[in-house]
Amino acid sequence: MTTTPVTATDTTDRSAVRTLLRLWPFVRPVRARLFTAAFTAVLASCVALVIPLVLKWMVDGPVTDRDPAGVWLGALYLLLLGVAEALLFGLRRWLVARPLSHVEAEMRAALYRRLQRLPVSFHDRWPSGQLLSRGTTDLMLLRMFLAFPLTFLLVNGVTILVGVVIMLAQDWTLGLVILGPAVPLVLTLSVFETKYSAIARRAQDQVGDLTTVVEESVLGIRIVKGFGRHRSQARAFHELSRTLRGTELHKARLLAAIWAVIVTLPEVAVAAALVVGSVQVADGELSAGTLVAFLSTALALRWPIESIGFLLAMSQEAATATERYFEVMDEEPESDAVADPRAVGAAPRATGPRTDRPGTGAPAAGPGTRPRTGARTAGTGRADGLRFHQVRFRYPDAPPGTPPVLDGVDLHIRTGESLALVGATGSGKTTLTALVPRLHEVTAGRITLDGTDITALPRQQLRSLVAVAFEEPTLFSASVGENVLMGAGDDAGDAELARALSIAHADFAHTLPEGTATQVGEQGLSLSGGQRQRLALARAVVGRPRFLVLDDPLSALDVHTEAAVEAALRRVLADTTALIVAHRPSTVLLADRVALLSGGRITAVGTHQELLRTHAEYAHLMSGAGEEDDR
Amino acid sequence: MTAPATTAPDTDGPDGRPPAPDDSFDRDVLPAPPGATAALLRSLLAPMRARVAVTSLLLLLQQAAVQAGPLLVAYALDRAVPALRDGDHGPLIAVGAGYLLCALAGGALQYAFIRAAARVNQDVLLDLRGRIFRHAQALSVDFHERYTSGRLISRSTTDVESLRELLSEGLQELVTVVLSFVYISAMLLWLDLGLGAVAVASFGPLYLLVRSYRRRAGQAYGRRSTAIAAVIVRFVETMNGIRPVRAFRREAVNDAGFAVLNHRHERANGDALLEMARYVTGSRLVANTAVAGLVLWGAYRVADGTLALGVLAAAVLYLRRLYDPIDRLGMFLNSYQSAAASLEKIAGLLAQVPTVPEPSVPRELPPLASDLPGREVVFDGVAFGYRTGGEVLPRFDLTIPAGQTVAVVGSTGAGKSTLAKLLARFYDPTAGRVLLDGTDLRDLAVPELRRGVVMVTQEAFLFSGTVADNIALGRPEATREEIERAAKAIGAHDFVAALPDGYDTDVRKRGGRISAGQRQLVSFARALLADPAVLILDEATSSLDIPGERAVQRAMGTVLKGRTAVVIAHRLSTVEIADRVLVMEGGRIVEDGSPADLTAGTGRFADLHRAWRESLA
């Protein structure tokens with residue numbers, strides 16, 4: 001089993017600097033401290049460079065002259081400079097410690113915020129492991145980049161510059177000798193940069209893949225165990241980790257090469273300077289103290305120069321991390337702009353195609369039909385219920401040429417009416433329900449709530465009007481009570497909770513170890529599928545929503561529980577406009593009418609009994625007829 | 001780090017589920033035996049002992065090459081320059097050549113070292129990642145239900161990452177630091193015993209600083225590791241539940257909840273960085289004071305004539321370098337504390353003993369008695385309860401003859417799933433034995449066990465990869481024909497063929513959306529392909545439409561022929577294919593008989609059956 005790396009958006013112009021500049025908005029709030037810290041670091045390095053000068057002065061002056069007072073003075077200077085250096089070093093770290101943790105946290109919070117608001121279709125495409133690796137390892141890389149490479153590229157740059165100036169000032173011939181390798185060094189570094197950034201990106205993507213495998217192996221643990229496949233899972237994991245190891249070794253090869261160059265070239269220059277300097281000292285053109293100070297400075301520059309290799313490597317990694325981070329951040333979130341103001345309150349087109357009365361004519365008077373009028377309305381429009389007008393839908397990422405999932409759905413659920421949606425496995429029922437709360441956007445056509453186009457409602461408002469119970473009942477890490485009450489407004493309390501739990505026949509919640517305060521979800525008590533489904537149902541009904549969308553809400557319940565839930569649910573449905581995806585007659589019977597979804601369209605609407613009699617496809621779906629009757 | 005145990009609630013979970021998480025799970029501090037962290041690190045490095053030695057040797061040589069610099073400078077000043085004045089070029093040429101050689105050797109050794117070290121690091125990480133993964137996979141289902149996927153991800157990503165940093169940077173830092181301390185101290189002592197001795201004495205206060213830093217930063221990193229795991233858990237939960245998050249407008253509430261966890265991580269992180277700041281200031285102060293003192297003393301001695309000027313110059317150069325590594329020591333300690341905190345967490349995970357261990361001496365199933373694939377299942381005096389007490393299944397005996405299809409019905413929480421999990425060996429019974437053709441399940445190695453028993457659950461999870469990959473999970477060596485045959489038998493072929501790339505459609509890629517019902521069909525095909533002696537179906541058809549369910553049942557009719565099957569279903573339609581029905585309630589089997597007998601009787605099953613018939617209307 002392989003995971004598919006999310007292919008990098010191929011930006012041909014991959015300038016690391018330009019990429020890293022995108023971090024500015026996050027760094028901006030802490031810029032004062034960061035700049036002060038960088039300045040402090042430069043200062044500290046300069047102090048460090050002055051120390052050899054004091055040493056030179058001591059060797060050439062007081063020591064040679066046997067001047068005790070001068071020696072004391074020199075030592076005092078050394079001490080003061082040393083203390084200053086220490087304090088500046090500490091100050092730098094103190095200045096950035098909290099702000100940089102803060103930047104990391106802010107970036108993570110921003111990522112989380114954005115991810116929560118990206119379209120559901122985005123999440124369908126991206127394995128959460130890839131998202132997670134962006135939110136953890138990539139952000140840690142960025143924090144480290146801000147803490148070290150960013151500052152030290154600056155500091156070391158300045159240090160090297162000042163050091164070179166000092167050396168040139170001491171003796172310009174020696175200084176030029178030292179500067180010799182600068183050009184080849186810069187050339188090597190630029191070649192290295194390009195190569196390294198590609199490989200760093202690959203490594204980071206592979207970490208994301210690895211994360212995905214780990215996650216899936218845990219989420220699918222029952223399947224892995226049920227088939228005894230943990231060895232092959234482990235093999236798949238091993239393969240991926242081996243690939244990652246290969247990439248990391250490749251990275252190390254590059255790094256090793258650049259280090260070798262960076263270490264060797266300046267040392268060769270120092271060797272040359274040593275020879276030239278010694279000759280000059282011998283000729284008396286140069287004092288021994290100056291040579292000591294010069295070489296001391298050169299040696300002090302060793303670390304700044306050597307470190308450039310790994311600082312650049314870290315910066316490259318930070319640049320790819322930034323790139324990966326913004327791949328997600330650049331995705332367009334669901335906009336909350338109201339799409340077409342003209343649609344607000346617009347009455348449904350009278351001339352629109354009306355397939356809500358198939359064959360059988362007027363609203364069928366089945367046993368459960370309770371036409372109602374004068375109920376509350378969603379927006380400003382009249383009580384018109386939920387309408388689908390020529391709704392077409394294809395997944396935005398579907399390959400071209402594939403037929404749309406929904407192709408001209410027309411459906412009207414009258415206010416207060418409940419309608420069951422029936423269709424074969426994979427016919428698009430769940431997709432249709434996802435369109436109502438705008439988890440996906442219709443490709444063409446429109447959906448109206450009480451005459452108001454759903455795209456004309458702010459999403460938050462739309463979603464507060466429409467409550468959904470999903471096929472997959474997800475509970476969050478919170479108490480049972482909180483999980484249920486998240487379906488209601490803030491004013492809902494224990495009374496609503498108790499009511500919802502009793503409707504969903506979820507009274508077991510009261511008998512949990514801590515009652516409705518018991519923690520559930522990822523980090524809490526794990527509940528059975530049936531229990532979770534009932535809590536999800538309670539969540540959907542707790543807010544007495546105007547519109548209710550239930551996706552196969554009773555699939556995991558046993559017959560007795562199902563019957564009890566149905567009885568209670570009927571009372572709720574009496575004054576709710578509801579769309580219920582159903583697989584079984586028992587669920588269908590909750591609804592006033594049934595619509596059959598087939599081939600991307602609604603092909604029949606009527607009562608269960610009518611369709612059972614008149615519609616062969618429906619009868620087949622509901623009874624498996626054609627083979628044997630259901631006794 | 002042990003906290004007083006919170007009042008454990010009466011922990012028998014409802015519905016035969018594991019009890020509420022105990023404190024160590026809750027707070028993400030699984031106990032590791034004392035010394036486990038160090039032992040883990042040792043065991044990771046032990047197989048690489050030789051390579052670690054070679055790597056260290058490379059570094060040693062590299063450091064020797066690099067540290068020779070000041071010595072050569074001293075030599076140049078004290079010998080080569082006077083010699084040059086005397087017209088002797090030899091010493092200077094020697095010094096120049098020596099320095100050049102050292103530079104080249106330093107570079108080459110650096111290259112060799114980085115590569116060698118990377119290989120060691122990557123192999124250690126490969127080993128550790130593999131260990132975590134394999135161990136997690138070997139741990140039982142109830143462990144995973146409590147530990148959460150987020151924490152496991154955290155262990156194998158951020159915590160491994162900490163170790164990676166330690167290995168890739170930290171270890172080099174440490175070796176460099178120790179080597180240069182030793183080397184430079186030796187040089188100083190050799191140059192001048194007095195100066196050297198004073199320099200070495202300054203290590204005392206440095207050691208105290210290091211010790212205090214280790215203690216304080218260690219705590220901060222421990223908190224950080226826990227905090228990031230909590231962040232990850234929340235992150236994963238949100239991303240996997242994105243639909244309900246959206247539909248119930250949880251975004252703002254989640255932002256707030258996430259902010260709390262994120263902030264906790266931020267604080268711990270900041271605390272650790274501040275400790276580092278404190279350490280750096282302290283150690284620099286000690287170092288610079290020592291340098292000033294030594295120079296003062298040295299200068300006096302030069303003035304006295306007891307110390308050569310060249311020696312003082314070299315000593316001063318060495319002195320500066322002696323304390324250079326203290327920053328790097330700080331970095332090492334930093335990585336070390338961070339990695340130690342992470343390793344402790346990993347060790348805690350690895351210390352978890354699988355509650356369903358593999359046998360040390362596996363046995364094989366006896367050869368099949370007939371040509372039919374089924375085997376006999378016996379629950380022999382089996383009882384099951386969770387460790388924390390609370391009996392889920394009281395002691396019972398049950399024999400399912402080879403080839404029989406048994407339907408298990410009963411309300412939620414009756415213990416049906418627990419029975420199935422015992423048979424699938426997701427759990428081991430607290431008493432008694434589960435036998436497959438007379439062999440205790442506990443004596444079967446996993447591959448043998450899964451040739452015997454396979455379970456299809458209601459959660460039809462699809463892994464990344466193609467549809468074919470997902471079906472082939474049942475039997476990885478299966479050919480494409482076999483895969484398609486299984487899919488056809490179960491009625492999944494039509495929808496798979498209609499996907500953009502058919503069986504090669506990536507389930508996460510473009511157009512690869514697969515509905516819940518279709519996922520269940522894939523799981524079925526998987527089970528068919530696995531071809532086990534005993535097949536357990538735990539509500540495996542809940543999301544199928546009726547024709548789909550019928551198709552599956554028809555397929556089951558042929559597939560199950562001769563196979564032993566245990567079918568758990570809420571829908572009594574499944575019962576139609578059963579030879580025998582067990583009705584469970586409160587963990588006990590209350591009715592047992594053929595469907596016809598039970599339906600005709602007056603027991604619970606007759607009630608259920610009537611209710612179900614009515615529901616079909």
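So, H6(A) and H8(B): these two helices cross in a right-handed sense. Right-handed here goes with the near helix being turned clockwise from the far one by less than a right angle, and left-handed with anticlockwise. Helices and strands are DSSP runs, H or I of at least four residues and E of at least two, numbered from the N terminus.

Who does the touching? On the H6(A) side we have A:Ser128, A:Leu131, A:Leu132, A:Gly135 and A:Thr136, and they meet B:Ile228, B:Ile232, B:Phe235, B:Val236, B:Met239 and B:Asn240 of H8(B). Contact means C-beta atoms, placed from the backbone, within 7 Å. Sort that contact by class and you get 7 nonpolar, 4 polar and no charged residues. For the classes, Ala, Val, Leu, Ile, Met, Phe, Trp, Tyr, Cys and Pro are nonpolar, Asp, Glu, Lys and Arg are charged, and the others, Gly among them, are polar.

Before I go on, this is a predicted model, where local features need pLDDT of at least 70 and side-chain atom pairs count only at pLDDT 80 or more, while totals for chains, interfaces and linings use all residues. Residues are numbered from 1 along each chain as its sequence is written, and chains are lettered from A and ligands numbered from 1 in the order in which they are written.

Now the whole interface. Here 158 residues of chain A are in contact with 160 residues of chain B. Which helix gives the most on the chain B side? That's H10, residues 251-304, with 29 residues. The chain B side that touches chain A splits into 82 nonpolar, 45 polar and 33 charged residues.

On to the domains, whose bounds come from an automatic or database domain assignment. Chain A has domain 1 at 17-329 and domain 2 at 341-345 + 382-623, and their C-alpha centres are 55 Å apart. Chain B has domain 1 at 35-350 and domain 2 at 377-616, with 54 Å between the C-alpha centres.

For chain B, the unreviewed entry gives 89-113, 197-214 and 306-323. Those positions are in the numbering used here, feature names are shortened, and annotations may be inferred rather than shown by experiment. In the model, residues 71-91 of chain A are 100% helix, with end C-alpha atoms 30 Å apart. In chain B, the 89-113 span is 96% helix and its end C-alpha atoms lie 35 Å apart.

Most residues other than glycine have a negative phi. A:Arg438 has a positive phi, near 60 degrees, and sits in the loop between helix H14 (429-435) and strand S4 (444-449) of chain A. Buried or exposed? A:Arg438 counts as buried because it has 21 C-beta neighbours inside 10 Å. The cut-offs are 20 or more other C-beta atoms within 10 Å for buried, 12 or fewer for exposed, and partly exposed in between, with C-beta atoms placed from the backbone. B:Asp437 also has a positive phi, about 45 degrees, in the loop between strands S4 (431-436) and S5 (439-440) of chain B. With 19 C-beta neighbours inside 10 Å, B:Asp437 counts as partly exposed.

Definitions and conventions: Two residues are in contact if their C-beta atoms, placed from the backbone, lie within 7 Å.
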